[in-house]
Amino acid sequence: MKLTSCLLAAALATSTVELIPAPSVRAESLLSQATEAPRTGLSPRQATEAATALLQAIQTKNAAGIYALLSSPLQAATTAEAVAKRLESAPGIETFRVVAVNPGMDDTTVDTVAITNGGTREVPLMLVLDDDGKLLAWKWVGTMRPIEQTALNFVKDLDAGRWVAARYYLDLDFQKEISPADLQRKWTKLETVLGGVKRIKSALVASQGGEQQLVLVTIEFGTVTDNLFVIFNRQGRIINVDFSADLV
């Protein structure tokens, strides 16, 4: 898992302009400036096969099968019994299909659709896979937990250049380490490397309820779709944000 001690591990920029252009203009400009970023080694075919295996396990409510397909950090944080309990409240899947595969820098976001309620309802289901095709997070799109909303608000403030507002979501100790100028520099570097933000898609809880809680914010950049890792404490305040050590 790509969790380090630095904020938005894209942080190498030395200075940024004082005035931030409108998002659409900025995205076009940053896309032309984007450098070649590393990509996950998981191919779209491998991602599709992994997603299909996961969906089949969810469809049959095979908790042990799902557990075997979890990434190591998630396996360490849960049990097959806990997965089975979560499945009790999950919609019953009749059929499913993979809609899109979006390889990122070191994870892959897979958009799928599950057909539920006797084939009468289509429910979007998002999966995030690591380099080995193991599950980092999954979510029925359209649901929202409090820390997911907080993570989305934080990223939206960054994208809009609201550095002071974004810093509000940080734990006080983290605020002492990160100034608004730091946030501006780091986020601007991230946008430059990945070609600007086109769309903030969703937020998914990977782990919740412990001393550290993890939310993945899926972002469509100009050159890649990837996930920003936002780490919370038990009180729901952000204590770290990490993107990829490859951009340090």
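Let's start at Leu-70, which sits in the loop joining α3 (63–68) to α4 (72–77); helices here are DSSP runs of H or I with at least four residues, strands are E runs of at least two, and both are numbered from the N terminus. Before going on, note that this is a predicted model, where local features need pLDDT of at least 70 and side-chain atom pairs count only at pLDDT 80 or more, while totals for chains, interfaces and linings use all residues. Residues are numbered from 1 along each chain as its sequence is written, and side-chain values use heavy atoms, with hydrogens and water left out.

Leu-70 has a relative accessible area of 6%, so it counts as buried (under 20% is buried, over 50% exposed, in between partly exposed, with a 1.4 Å probe and protein chains only). What does Leu-70 touch, once its neighbours within four places in sequence are set aside? Its partners are Gln-75, Thr-78, Val-83, Lys-134 and Leu-135, a contact being heavy atoms within 4.5 Å. Gly-133 is 63 residues away along the chain, yet its C-alpha atom is 8.9 Å from that of Leu-70.

Now to the aromatic rings. The structure holds two aromatic pairs; rings of Phe, Tyr and Trp (its six-membered ring) pair if their centres lie within 6.5 Å, and planes under 30 degrees apart are stacked, over 60 edge-to-face, the rest tilted. Trp-138 and Trp-140 have ring centres 6.5 Å apart and planes at 65°, so this pair is edge-to-face. Both of these Trp residues are buried. Arg-86 lies over the face of Trp-138, 4.6 Å from the ring centre; the criterion is NZ of Lys or CZ of Arg within 6 Å of the ring centre and within 35 degrees of the ring normal.

The other pair, Tyr-168 and Tyr-169, is edge-to-face too, at 5.4 Å centre to centre with 70° between the planes. Are these two buried or exposed? Tyr-168 is exposed, because its relative accessibility is 53%, whereas Tyr-169 is buried at 17%. The charged end of Arg-237 sits over the Tyr-168 ring, 4.9 Å from its centre.

Last stop: a helix crossing. The axes of α6 (residues 146–159) and α9 (residues 180–194) come within 10 Å and cross at roughly 85°, which makes the two helices roughly perpendicular. Val-155, Leu-158 and Asp-159 of α6 meet Leu-183, Trp-187 and Glu-191 of α9.

Note on methods: Axes are lines fitted to C-alpha atoms, for helices over the stretch in contact, and angles run from 0 to 180 degrees between N-to-C directions. Angles under 35 degrees count as roughly parallel, over 145 as roughly antiparallel, 65 to 115 as roughly perpendicular and the rest as oblique.
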